[in-house]
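Student: I'd like a close look at a single part of this model, please. Take me through it step by step, and show me what surrounds it.

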Amino acid sequence: MDTPITTSPAATTSAGTASAGTSRAERRSFLARTLADPRRMGAVTPTGRAAAARMAAVVPDRGRPAVLELGAGTGVLSRAILARMPDGGRLVAVESDPALVEYLHRTSPQLEVAAADAAELERVLDEAGIDRADAVVCSLPLTVMTAVERRRVLSAAARRLTPAGAFVAITYRPAWAARGLRADMADVFGRVERTPTIWANVPPARLLLGRGPRPC
Ligand SMILES: C[S@@+](CC[C@H](N)C(=O)[O-])C[C@H]1O[C@@H](n2cnc3c(N)ncnc32)[C@H](O)[C@@H]1O
(Lines give C-alpha, C1' and ligand atoms only; values in the text may rest on other atoms or scores of the structure.)
Protein backbone atom coordinates (compact mmCIF):
# COMPACT_ATOMS: atom_id res chain seq x y z
CA MET A 1 0.00 0.00 0.00
CA ASP A 2 1.19 3.55 -0.74
CA THR A 3 2.69 5.40 2.19
CA PRO A 4 1.02 8.81 2.52
CA ILE A 5 3.40 11.70 2.89
CA THR A 6 0.90 13.80 4.77
CA THR A 7 0.75 11.60 7.85
CA SER A 8 3.69 11.44 10.14
CA PRO A 9 4.12 11.93 13.88
CA ALA A 10 6.33 14.93 13.17
CA ALA A 11 3.53 16.55 11.18
CA THR A 12 2.42 18.23 14.38
CA THR A 13 5.84 19.75 15.10
CA SER A 14 5.37 23.42 15.91
CA ALA A 15 6.95 26.20 13.89
CA GLY A 16 9.19 27.00 16.84
CA THR A 17 10.97 23.68 16.49
CA ALA A 18 11.25 23.76 12.72
CA SER A 19 15.04 23.55 12.78
CA ALA A 20 15.27 21.35 15.87
CA GLY A 21 16.90 18.54 13.87
CA THR A 22 20.04 20.58 13.15
CA SER A 23 22.74 22.12 15.32
CA ARG A 24 23.79 25.74 15.10
CA ALA A 25 27.12 24.64 13.59
CA GLU A 26 25.28 22.68 10.90
CA ARG A 27 23.08 25.64 10.04
CA ARG A 28 26.18 27.84 9.86
CA SER A 29 27.90 25.42 7.48
CA PHE A 30 24.78 25.32 5.32
CA LEU A 31 24.50 29.12 5.20
CA ALA A 32 28.18 29.41 4.27
CA ARG A 33 27.58 27.20 1.24
CA THR A 34 24.46 29.23 0.32
CA LEU A 35 26.49 32.44 0.39
CA ALA A 36 29.17 30.77 -1.74
CA ASP A 37 26.76 29.30 -4.32
CA PRO A 38 23.14 30.47 -3.82
CA ARG A 39 21.82 29.02 -7.07
CA ARG A 40 23.09 25.54 -6.32
CA MET A 41 21.81 25.60 -2.73
CA GLY A 42 18.41 27.19 -3.31
CA ALA A 43 17.77 27.61 0.43
CA VAL A 44 19.29 29.44 3.38
CA THR A 45 18.75 26.79 6.02
CA PRO A 46 18.50 22.98 6.13
CA THR A 47 15.08 21.36 5.81
CA GLY A 48 13.21 21.40 9.11
CA ARG A 49 12.25 18.35 11.11
CA ALA A 50 8.55 18.25 10.12
CA ALA A 51 9.21 18.46 6.37
CA ALA A 52 12.12 16.01 6.64
CA ALA A 53 9.91 13.44 8.40
CA ARG A 54 7.16 13.83 5.81
CA MET A 55 9.62 13.36 2.97
CA ALA A 56 11.16 10.32 4.64
CA ALA A 57 7.65 8.82 4.96
CA VAL A 58 7.84 7.72 1.30
CA VAL A 59 10.56 5.24 2.28
CA PRO A 60 9.10 1.75 2.78
CA ASP A 61 9.44 0.75 6.42
CA ARG A 62 9.52 -2.97 5.55
CA GLY A 63 11.70 -5.16 3.40
CA ARG A 64 15.11 -4.01 2.20
CA PRO A 65 14.42 -0.79 0.34
CA ALA A 66 16.97 0.97 -1.84
CA VAL A 67 16.67 4.74 -1.51
CA LEU A 68 18.33 7.48 -3.52
CA GLU A 69 18.64 10.96 -2.03
CA LEU A 70 19.34 13.88 -4.38
CA GLY A 71 21.06 16.94 -2.88
CA ALA A 72 22.14 15.69 0.54
CA GLY A 73 23.48 19.03 1.80
CA THR A 74 24.46 18.73 5.44
CA GLY A 75 22.56 15.44 5.79
CA VAL A 76 19.36 16.38 7.58
CA LEU A 77 17.15 14.36 5.20
CA SER A 78 19.67 11.52 5.14
CA ARG A 79 19.26 11.22 8.92
CA ALA A 80 15.45 11.25 8.66
CA ILE A 81 15.57 8.55 5.96
CA LEU A 82 17.99 6.38 7.96
CA ALA A 83 15.82 6.74 11.07
CA ARG A 84 12.92 5.19 9.14
CA MET A 85 14.87 2.65 7.13
CA PRO A 86 14.44 -1.01 8.14
CA ASP A 87 17.52 -3.17 8.71
CA GLY A 88 19.03 -4.24 5.40
CA GLY A 89 17.86 -1.12 3.57
CA ARG A 90 20.31 1.02 1.65
CA LEU A 91 20.58 4.78 1.18
CA VAL A 92 22.81 6.42 -1.43
CA ALA A 93 23.06 10.19 -0.97
CA VAL A 94 24.06 12.27 -4.01
CA GLU A 95 25.71 15.66 -3.52
CA SER A 96 27.56 17.76 -6.11
CA ASP A 97 29.18 20.41 -3.89
CA PRO A 98 32.69 19.17 -2.97
CA ALA A 99 32.63 21.18 0.29
CA LEU A 100 29.40 19.48 1.35
CA VAL A 101 30.68 16.06 0.29
CA GLU A 102 33.67 16.66 2.57
CA TYR A 103 31.29 17.84 5.35
CA LEU A 104 29.20 14.66 5.02
CA HIS A 105 32.28 12.41 5.07
CA ARG A 106 33.46 14.16 8.24
CA THR A 107 30.15 14.37 10.13
CA SER A 108 28.35 11.23 8.87
CA PRO A 109 31.10 8.72 8.04
CA GLN A 110 28.57 5.87 7.93
CA LEU A 111 26.57 7.57 5.15
CA GLU A 112 27.07 6.29 1.58
CA VAL A 113 27.75 9.52 -0.32
CA ALA A 114 28.09 9.78 -4.10
CA ALA A 115 29.98 12.92 -5.15
CA ALA A 116 28.10 13.48 -8.39
CA ASP A 117 25.62 15.61 -10.24
CA ALA A 118 22.04 14.42 -9.81
CA ALA A 119 21.72 14.23 -13.60
CA GLU A 120 24.16 11.28 -13.39
CA LEU A 121 21.91 9.35 -11.03
CA GLU A 122 21.75 6.32 -13.31
CA ARG A 123 25.53 6.02 -13.29
CA VAL A 124 25.49 6.42 -9.49
CA LEU A 125 22.96 3.59 -9.16
CA ASP A 126 24.91 1.40 -11.59
CA GLU A 127 28.12 1.91 -9.62
CA ALA A 128 26.28 1.15 -6.37
CA GLY A 129 24.96 -2.07 -7.91
CA ILE A 130 21.35 -0.92 -7.54
CA ASP A 131 19.01 -1.65 -10.43
CA ARG A 132 15.88 0.12 -9.16
CA ALA A 133 15.21 2.46 -6.25
CA ASP A 134 12.13 2.10 -4.05
CA ALA A 135 12.15 5.82 -3.29
CA VAL A 136 13.87 8.97 -4.50
CA VAL A 137 13.97 11.81 -1.98
CA CYS A 138 14.86 15.07 -3.69
CA SER A 139 15.69 18.44 -2.17
CA LEU A 140 17.46 19.80 -5.25
CA PRO A 141 16.43 23.37 -6.13
CA LEU A 142 14.29 22.01 -8.99
CA THR A 143 12.44 25.29 -9.59
CA VAL A 144 15.74 27.18 -9.88
CA MET A 145 17.36 24.69 -12.27
CA THR A 146 16.82 25.11 -16.00
CA ALA A 147 13.94 23.11 -17.44
CA VAL A 148 16.44 20.95 -19.33
CA GLU A 149 18.40 20.11 -16.16
CA ARG A 150 15.21 19.42 -14.21
CA ARG A 151 13.67 17.16 -16.86
CA ARG A 152 16.92 15.21 -17.14
CA VAL A 153 16.82 14.45 -13.40
CA LEU A 154 13.09 13.66 -13.33
CA SER A 155 13.16 11.31 -16.30
CA ALA A 156 16.25 9.49 -15.00
CA ALA A 157 14.54 9.09 -11.61
CA ALA A 158 11.37 7.72 -13.26
CA ARG A 159 13.44 5.26 -15.31
CA ARG A 160 15.12 3.87 -12.21
CA LEU A 161 12.19 3.69 -9.76
CA THR A 162 10.37 0.43 -9.12
CA PRO A 163 6.76 0.44 -10.42
CA ALA A 164 5.55 0.96 -6.83
CA GLY A 165 8.30 3.47 -6.06
CA ALA A 166 7.81 7.09 -5.05
CA PHE A 167 9.57 10.34 -5.85
CA VAL A 168 9.21 13.21 -3.41
CA ALA A 169 10.48 16.76 -3.91
CA ILE A 170 10.37 19.82 -1.69
CA THR A 171 9.63 23.28 -3.01
CA TYR A 172 9.33 26.66 -1.36
CA ARG A 173 7.38 28.14 -4.25
CA PRO A 174 3.60 28.71 -4.16
CA ALA A 175 1.60 26.41 -6.44
CA TRP A 176 1.46 28.86 -9.35
CA ALA A 177 5.23 29.36 -9.33
CA ALA A 178 5.92 25.62 -9.13
CA ARG A 179 3.53 24.68 -11.95
CA GLY A 180 6.43 24.08 -14.37
CA LEU A 181 7.89 21.56 -11.95
CA ARG A 182 4.51 19.92 -11.44
CA ALA A 183 3.94 19.70 -15.20
CA ASP A 184 7.38 18.16 -15.71
CA MET A 185 6.63 15.61 -12.98
CA ALA A 186 3.28 14.81 -14.63
CA ASP A 187 5.18 13.96 -17.82
CA VAL A 188 7.05 11.14 -16.09
CA PHE A 189 4.73 10.07 -13.23
CA GLY A 190 1.18 8.76 -13.60
CA ARG A 191 0.07 10.51 -10.40
CA VAL A 192 1.37 13.75 -8.94
CA GLU A 193 0.10 15.11 -5.62
CA ARG A 194 0.97 18.23 -3.69
CA THR A 195 0.79 18.53 0.10
CA PRO A 196 -0.69 21.53 1.85
CA THR A 197 1.89 24.06 2.97
CA ILE A 198 4.13 22.84 5.79
CA TRP A 199 4.26 25.97 7.93
CA ALA A 200 6.69 24.36 10.41
CA ASN A 201 9.55 24.94 8.00
CA VAL A 202 11.73 27.93 7.23
CA PRO A 203 10.63 28.99 4.69
CA PRO A 204 7.22 27.27 4.57
CA ALA A 205 7.40 24.39 2.11
CA ARG A 206 5.24 22.11 -0.02
CA LEU A 207 6.01 18.60 -1.14
CA LEU A 208 5.30 17.18 -4.56
CA LEU A 209 4.89 13.42 -4.70
CA GLY A 210 5.15 11.42 -7.92
CA ARG A 211 4.03 7.80 -8.24
CA GLY A 212 3.51 5.45 -11.14
CA PRO A 213 6.76 6.13 -13.00
CA ARG A 214 6.37 6.28 -16.79
CA PRO A 215 9.86 5.42 -17.94
CA CYS A 216 10.76 7.38 -21.06
C1 LIG B 1 18.09 23.06 -0.64
S2 LIG B 1 19.64 22.21 -0.40
C3 LIG B 1 19.02 20.76 0.49
C4 LIG B 1 20.04 20.15 1.41
C5 LIG B 1 19.51 19.12 2.36
N6 LIG B 1 19.08 17.90 1.71
C7 LIG B 1 18.38 19.66 3.18
O8 LIG B 1 17.25 19.21 2.99
O9 LIG B 1 18.62 20.53 4.01
C10 LIG B 1 20.01 21.60 -2.03
C11 LIG B 1 21.20 20.69 -2.11
O12 LIG B 1 21.28 20.16 -3.42
C13 LIG B 1 22.65 20.20 -3.86
N14 LIG B 1 22.62 20.26 -5.32
C15 LIG B 1 22.20 21.28 -6.11
N16 LIG B 1 22.26 20.95 -7.40
C17 LIG B 1 22.71 19.67 -7.44
C18 LIG B 1 22.96 18.75 -8.51
N19 LIG B 1 22.74 19.08 -9.79
N20 LIG B 1 23.41 17.52 -8.19
C21 LIG B 1 23.61 17.16 -6.90
N22 LIG B 1 23.40 17.98 -5.85
C23 LIG B 1 22.95 19.23 -6.12
C24 LIG B 1 23.20 21.46 -3.21
O25 LIG B 1 24.60 21.47 -3.16
C26 LIG B 1 22.52 21.39 -1.84
O27 LIG B 1 23.28 20.62 -0.95
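Tutor: Happy to! Two residues count as being in contact if their C-beta atoms, placed from the backbone, lie within 7 Å of each other. Keep in mind as we go that this is a predicted model.

Let's start from Met 55. Leaving aside residues up to four places away in sequence, Met 55 touches Leu 77, Ala 80, Val 137, Val 168, Ile 170 and Leu 207. Met 55 also belongs to the largest nonpolar core, which has 60 residues. Together with Ala 56, Val 94, Leu 121, Val 136, Val 137 and Val 168, Met 55 is among the members that touch the most others. As a general matter, nonpolar side chains tend to be buried together in soluble globular proteins.

Seven strands form an open sheet with mixed pairing, in the order β3-β2-β1-β4-β5-β7-β6. At the edges stand β3 (112–115) and β6, each with a single partner strand, so one side of each has no neighbour in the sheet. From one strand to the next, the twist averages 20°.

Now to β4, residues 133–138. Six of its six residues are buried, so β4 too is largely enclosed by the rest of the structure. On one side, β4 pairs with β1 in the parallel sense over four bridges, and Leu 68 has Val 136 of β4 as its bridge partner. On the other, five bridges join β4 to β5, again in parallel. Ala 133 stands opposite Leu 161 of β5, and Cys 138 is partnered by Ala 169.

Strand β5 spans residues 161–171 and is mostly covered, with eight of its 11 residues buried. The chain gets there from β4 by way of helix α7 (residues 147–160), in a right-handed β-α-β crossover. The pairing of β5 with β7 (residues 206–213) is antiparallel and uses six bridges; one of the pairs is Ala 166 with Arg 211.

α7 packs against α8 (residues 179–188) at an angle of about 35°, with the axes 9 Å apart, and the crossing is right-handed. Their contact brings Ala 147, Arg 150, Arg 151, Leu 154, Ser 155 and Ala 158 of α7 up to Gly 180, Leu 181, Asp 184, Met 185 and Val 188 of α8. α8 in turn lies across β5, β6 and β7, running at about 150° to β6.

In general, most peptide bonds are trans. The bond from Val 202 to Pro 203, however, is cis, with omega near -10°, and Pro 203 lies in the loop between β6 (189–194) and β7.

Finally, look towards the β3 end of the sheet. Five bridges join β1 (residues 66–70) to β2 (residues 90–95) in parallel, with Ala 66 partnered by Arg 90. Helix α6 (residues 121–128) packs there, touching β1, β2, β3 and β4, and its direction makes about 140° with that of β2.

Note on methods. Residues numbered from 1 in each chain as written. Predicted model: local features only at pLDDT ≥ 70, side-chain atom pairs only at ≥ 80, totals over all residues. Core = buried A, V, L, I, M, F, W, Y, C linked by C-beta atoms within 7 Å. Buried ≥ 20, exposed ≤ 12 C-beta atoms within 10 Å, placed from the backbone. Helix = DSSP H or I, 4+ residues; strand = E, 2+ residues; numbered from the N terminus. Pairing = 2+ DSSP bridges. Right-handed = clockwise from strand over helix to strand, strands pointing away. Axes fitted to C-alpha atoms, helices over the stretch in contact; angles between N-to-C directions. Left-handed = near helix turned anticlockwise from the far one by under 90°.
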